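Work through the exercises below with the coordinates loaded. Try each task before reading its solution.

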Amino acid sequence: MTYYIDIQNATEESLPVSEEELTRLATLALRDFRKEAELTVRLVMPDEMIYLNHTYRKQNKTTNVLAFPSALPPEIQIECPLLGDVIICPQVLVEESKQLNKALEAHWALILIHGILHLLGYDHIKDDEAAIMQDIEVRLLAELGFPNPYDTEGNELE
């Protein structure tokens, strides 16, 4: 398997997870779906996330993760399939993990896996699609030794 995972840290603080751990998590999320893939994981401050969320989703607020699947024209041939970009706001993840009383490492894993699944075409708008996506997330998190994030009341992701 060949994965090119570009980690871009555009935050002003040190991260609670290493680039190596982010790469490991991304590789796990891709493993069962692609033999080759390229993607970018960009870590941003809240102001950049608000800008992106407002620009592309018309929501003037921050969020934990956004996924931007690649849409290259068919005439552009590249060696390794470009999946797109996953944008994560670490400050939101810290706040959410405290609010949800969840381990920060487990929340990081969930959010990165969630974003990559969006790049792979999974969604959670319809209940049946959400169930499929959540099943994959729960299985991958269990491999990492993390509990099911959906065992609590409500759905933690919007």
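The exercises cover the nonpolar cores, a surface patch, the cysteines and the salt bridges.

This is a predicted model, in which local features need pLDDT of at least 70, side-chain atom pairs count only at pLDDT 80 or more, and totals for chains, interfaces and linings use all residues. Residues are numbered from 1 along each chain as its sequence is written, and side-chain values use heavy atoms, with hydrogens and water left out.

**Exercise 1. Find the residues of the largest nonpolar core that touch the most other members.**

Step 1. Set the rule. A nonpolar core is a set of buried Ala, Val, Leu, Ile, Met, Phe, Trp, Tyr and Cys residues joined through side-chain atoms within 4.5 Å. Buried means under 20% relative accessible area, exposed means over 50%, and partly exposed lies in between (1.4 Å probe, protein chains only).

Step 2. The largest core has 34 residues, and Ile-5, Leu-30, Leu-39, Val-41, Ile-88, Leu-112 and Ile-116 touch the most other members.

Step 3. Helices (H or I, at least four residues) and strands (E, at least two) are DSSP runs, numbered from the N terminus. At least two core residues come from each of strand 1 (2-9), helix 1 (19-31), strand 2 (36-43), strand 4, helix 4 (104-119) and helix 5 (127-143). Helix 4 gives the most, with nine residues.

Step 4. Look for another core. One lies apart, with seven residues, including Val-44, Met-49, Cys-89 and Val-92.

Step 5. Zoom in on Ile-116. Leaving out residues up to four places away in sequence, Ile-116 touches Ala-26, Ala-29, Leu-30, Leu-39 and Val-86. Contact here means heavy atoms within 4.5 Å.

**Exercise 2. Identify the residues that make a nonpolar surface patch of about 300 Å².**

Step 1. Patches take residues with over 30% relative accessible area and no salt bridge; like charges are joined within 9 Å, nonpolar side chains (Val, Leu, Ile, Met, Phe, Trp, Tyr) within 5 Å.

Step 2. Read off the members. They are Leu-72, Ile-76, Ile-78 and Leu-82.

Step 3. Check one. Ile-78 sits in the loop between strand 3 (65-69) and strand 4 (82-88). Its relative accessibility is 40%, so Ile-78 counts as partly exposed.

**Exercise 3. Count the disulfides, and decide whether Cys-80 is buried or exposed.**

Step 1. Apply the distance test. A disulfide is a pair of cysteine sulfur atoms within 2.5 Å. The count is zero.

Step 2. Cys-80 is buried because its relative accessibility is 6%. Cys-89 is also buried, at 0%.

**Exercise 4. State how many salt bridges the whole structure holds, and trace the network they form around Arg-31.**

Step 1. Search. A salt bridge puts a side-chain nitrogen of Lys or Arg within 4 Å of a carboxyl oxygen of Asp or Glu. The search finds six.

Step 2. Glu-21 and Arg-24 meet at 2.9 Å, N to O. Both lie in helix 1, three residues apart, about one turn of the helix.

Step 3. Take the pairs between elements. Glu-143 bridges to Arg-31, with the closest N and O atoms 2.7 Å apart. Glu-143 is in helix 5 and Arg-31 in helix 1, so this pair ties together parts 112 residues apart in sequence. Arg-139 bridges to Asp-32 at 3.0 Å between the closest N and O atoms. Arg-139 is in helix 5 and Asp-32 in the loop between helix 1 and strand 2, so this pair ties together parts 107 residues apart in sequence.

Step 4. Join them. Salt bridges with shared partners link Arg-31, Asp-32, Arg-139 and Glu-143 into one network.

How values were computed: Accessible areas come from the Shrake-Rupley method with a 1.4 Å probe; for residues, only the protein chains shown count as cover.
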